[in-house]
Amino acid sequence: MKIIIQRINFAKIFVNDKFKGEIGKGIVAYVGVSSEDTEKDIDFCIDKLVNLRIFNDDDGKMNLSVKDVNGELLVISNFTIYGNTKKGRRPSYTDSAPAEKAEEIYNLFIEKLKQTDVRFETGEFRQHMKIISENDGPVNLIIDSQ
C-alpha cells in the first residue's frame, strides 16, 4: 500500500461533479492498493498517517501529527499511484490490485480509520473525483508499507 500525502490548509471534494465534503487544516491522502496488500499493510499505513509529525510546533519545527493539531483527513482511493512509467509512454497498472480486491482493502482501511480519533472525509471508490485544496509548505510525502 502506498499513500501520497499532502499537508493542506483546506480541501474540498466533488464526486461526479457533486459536492461530497470538505476538511480544514490537515492531510489529503491518496491511497493506492497493490495486489500484495494485507491487513498488516493497512495497520502500518493508518498508524503512519495519523501519527506522522509533519505539522509545525510553536518553534516552527515539524514536530506535530494531524492528531496533535486536531487536523482532518481527506482520503481518496487512487489506483494510479501504482502506475509504472519505466517503459513506453503509457503507464502500466499491473502492480495495482484488481478493482474488487482494491475496493475490499480500501473499505477495510476506511473502517479501521474510523477507530482513530481523527475526523475524515472520503471520496467514492471507482468514481470521478475533483479535489480542490491549498497545499501548506508544500509538504508532500509517500507512505509505503513495503
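D37 is found in the loop between β3 (26–32) and α1 (39–51), where helices (H or I, at least four residues) and strands (E, at least two) are DSSP runs numbered from the N terminus. This is a predicted model, in which local features need pLDDT of at least 70 and side-chain atom pairs count only at pLDDT 80 or more, while totals for chains, interfaces and linings use all residues. Residues are numbered from 1 along each chain as its sequence is written, and side-chain values use heavy atoms, with hydrogens and water left out.

D37 is buried (under 20% relative accessible area, with exposed over 50% and partly exposed in between, for a 1.4 Å probe and protein chains only).

In helix α2, the buried residues include A102, I105, Y106 and F109. Seen down the axis of α2, its buried residues fall within an arc of 165°, so they line one face of the helix (the arc is that of the directions from the helix axis to the C-beta atoms). On the other side of α2, E100 and E104 are exposed.

K112 counts as buried because its relative accessibility is 16%, and this lysine forms a salt bridge with E39, the closest N and O atoms being 2.9 Å apart. Since K112 lies in helix α2 and E39 in helix α1, the pair ties together parts that are 73 residues apart in sequence. E39, D43 and K112 are linked in a network of salt bridges.

Conventions: Lys, Arg positive; Asp, Glu negative; His and termini not counted. Salt bridge = Lys/Arg side-chain N within 4 Å of Asp/Glu carboxyl O.
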